[in-house]
Amino acid sequence: MALSGVHKDRGELRIHESLDELGTDLADYVAELSEASVKERGVFAIALSGGSLIGLMGKLCEAPYNKTVDWTKWYIFWADERVVAKNHADSNYKLAKDGLLSKVPIVPSHVHSINDSLSAEEAANEYEFDIRQLVKTRTIGVSDISDCPKFDLILLGMGPDGHVASLFPSQSVLDANDEWVTFITDSPKPPPERITFTLPVINSASNVAVVVAGEDKAEAVHLAIDDVVPDCPPLPARMVQPTKGKLVWFLDKSAASKLDGYQFSE
Ligand SMILES: O=C(O)[C@H](O)[C@@H](O)[C@H](O)[C@H](O)COP(=O)(O)O
C-alpha cells in the first residue's frame, strides 16, 4: 500500500500504488467483513454499485477467495440500479452477474435485484418493500438508532462530479429522509432512469467503502475528504458519513493526488 491512515472525521484512507494492489486489498477487506458478519449474524448482506467497482472486485473470483469465502451466506443488493432490462448492457445487475456473481457459488434466491418490468418509481417502491421484508426477518440487520436497514457492507463508486450510488449533486433526492429507496428520471450520467438507496440507508450501514480510481476524480476526492471551506453545497460523497458504521476509502494514487498532505513522486 502506498499510504494508509485514518482521517479525523472522514474515515480510513487506503491509497494504493496500482489498481492491482487496490484490487487485492479490496478483496481482502470484503472477505474479512464477510467472515466476521457470517460469524456474528450467520449471513452477509452486501450492496453493490455499478461502474468500475465490479472490475476492481474481480480478485474475489480467484484463489484463495473463491474457495475461502462462504458465498452461500451472501445476500446481494444494489445501492443503485439503472432502470433497464436485466440483460441490457447498462444494467448494474448484469455487470455484477457477468463480472462476479456467475463466477462464485452464490445462491440465486439470495440475489435481490430490481423488477425491471416496472417504472422507476414502482421499481424503487417494490425494492424498498423487498428490503423491508428482509429487515423483518433480520437477513438484513436494523439500525439501533432509526428503523433503517443496517447492511453489513455497502460498496460505492464515485463519479468525477462527486456522485455516489445515483445521488447526484444538487438533486432533491439528497434530502430524501422518509424513503429507503428512491428514484430519479433525470440522471446526468446516462441512462436517465435509476433507483437509489437514500443517504439515511447508506449512513446506517455497518461498513461503507468508497472505491475511487483515476486522476479525473482527484478534485472530487479532495472536496469529499479534505477540510475545505465549501463555496458550494457538499458533494454527495462528502455526505456519506456512517452514523455508527465504519467508512473506508480505497483510492489509487491518481485519485488521491490532490488530497492535502499526500504528495506522490513518480
Ligand atoms: O450505476 C452507476 O452509475 C453507479 O453506481 C455510480 O454511482 C458509479 O459507481 C459511479 O459513477 C462511479 O463509476 P465509475 O467507477 O465507472 O467511474
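What radius of gyration does the protein have, and why does this agree with a compact globule? At 266 residues, a compact globule would have a radius of gyration near 18 Å, and the protein has 17 Å, which agrees; the radius is taken over C-alpha atoms, and the globule rule is 2.2 Å times the number of residues to the power 0.38.

The model is predicted: local features need pLDDT of at least 70, side-chain atom pairs count only at pLDDT 80 or more, and totals for chains, interfaces and linings use all residues. Residue numbers start from 1 along each chain as its sequence is written.

**View 1. Contacts of I154.** I154 touches A47, A79, I202, A205 and V208, leaving out residues up to four places away in sequence; contact requires C-beta atoms, placed from the backbone, within 7 Å. Across the protein, 74% of the contacts with a separation of 6 or more join residues 24 or more positions apart.

**View 2. Setting of C232.** C232 is exposed, with 9 other C-beta atoms within 10 Å; exposed means 12 or fewer such atoms, buried 20 or more, and partly exposed in between, with C-beta atoms placed from the backbone. The C-alpha atoms of C232 and S170 are separated by 9.7 Å, and the two residues are 62 residues apart along the chain.

Notes
Two residues are in contact if their C-beta atoms, placed from the backbone, lie within 7 Å.
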